[in-house]
Amino acid sequence: MTNVVQNATKNQVQNPDQILEKNLHERFSFYGKNAKEWTRKCALLLPEINRLRIWEKKGFKSIYEYARILAGMSTNAVNAALWVGRKVEDKPELKKVIEEKGIGAIRPIANLATPETDKFWAEKAREMSKHTLEAYAKEFKKSCPGAKNYYQNQILFSDLNIQVKPKTAEKLQKLKGQGSWDDLMEKFINLYEQKLEENKPIPQENAKRYVPAKIKNYVLVKTNNTCAFPGCTKEYKYLHHTWRFALTKTHDPDSLIPLCKAHERLAHAGLIENENQSPESWKIKLEANKTTEKWQKVDKWVAEYRKPSS
Ligand SMILES: [Zn+2]
């Protein structure tokens, strides 16, 4: 077969316009990719150039002018490069990540990383999207020794920022009576959960990917469409199977958990402790569990499958 025929079978028939468009797009993407790579290299050199005041010796008014004229870098880009540069001075692994993925990729953890955790964070920054890394860093800070323990402290009712109509307030006041707000709220929660439990749909086995409306509704009412990760108030984006669907082919209302994008990614990265228990006992893991190999495989498929879209 000649090349022409091969291409024709592969791409079906393309008219000249389509070929031109494809060619323009491919060239633009290729040049863009290279431009990004070169900009990343420039950004990495800036801190040292600034330290030695090379811009001055070459007749520029400032590091900003130097970077703008020579590399088309904006003021913000220069500031980011200098800031991150200071942070990674003593972290060779993170420097490598900057070269591969740019400054943005390590920004969420620039303040967290130490020379001892350089390798750990470099690995995370390589694997995770910026969003996922942000969420991970946030949880990491919370679980660090000495950090304020969000879950053990009491939270003031007023901190929940609850506003109610006077009529509702009056009723609540009466229901509370001589007891405490904590007891009353617990009573409400228990009643509500019992009510939900009564209407819980049965798990669907040998199922297709699509979650039946009945199960979906049940799951979403529990958090009123919000991510179930402790402390998260984002709207849910995925119904996450804590027992991976690819392995069980089951939609079980007890193990389907609504999660925002970042927390769903963390789950698939194997970084949630107690994932098979209810989300209240979830914690962020500091290392992915290497023993749940089967799951990791599934999670890898999921990651592969998503790559083109994200
Ligand atoms: Zn979340």
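Reply: In a regular strand the side chains alternate between the two faces of the sheet. In strand S2 (residues 256-259), Leu-256 and Pro-258 point one way while Ile-257 and Leu-259 point the other way, and all are buried. Buried here is defined as 20 or more other C-beta atoms within 10 Å of the residue's own, exposed as 12 or fewer, and partly exposed as in between, with C-beta atoms placed from the backbone. Strands (E, at least two residues) and helices (H or I, at least four) are DSSP runs, numbered from the N terminus. This is a predicted model, in which local features need pLDDT of at least 70 and side-chain atom pairs count only at pLDDT 80 or more, whereas totals for chains, interfaces and linings use all residues. Residues are numbered from 1 along each chain as its sequence is written.

Me: Which strand is joined to S2, and by how many bridges?

Reply: Two strands pair if DSSP finds at least two bridges between them. Strand S1 (residues 238-241) is joined to S2 by four bridges, and the two run antiparallel, with His-240 standing opposite Ile-257 in S2.

Me: How do H2 and H4 lie relative to each other?

Reply: Axes are lines fitted to C-alpha atoms, for helices over the stretch in contact, and angles run from 0 to 180 degrees between N-to-C directions. The axes of helix H2 (residues 16-51) and helix H4 (residues 63-71) come within 11 Å and cross at roughly 150 degrees. H2 and H4 are therefore roughly antiparallel, a class for angles over 145 degrees, where under 35 is roughly parallel, 65 to 115 roughly perpendicular and the rest oblique. The contact, which requires C-beta atoms placed from the backbone to lie within 7 Å, is made by Thr-39, Cys-42, Leu-46 and Asn-50 of H2 together with Ile-63, Ala-67 and Ala-71 of H4.

Me: Where is Arg-53 found, and what is its phi?

Reply: Most residues other than glycine have a negative phi, and most peptide bonds are trans. Arg-53, although not a glycine, has a positive phi of about 50 degrees, and this residue is found in the loop between H2 and helix H3 (54-57). Arg-53 counts as exposed because 11 other C-beta atoms lie within 10 Å. Asn-225 also has a positive phi, near 70 degrees, and lies in the loop between helix H11 (213-221) and S1.

Conventions: Contact = placed C-beta atoms within 7 Å.
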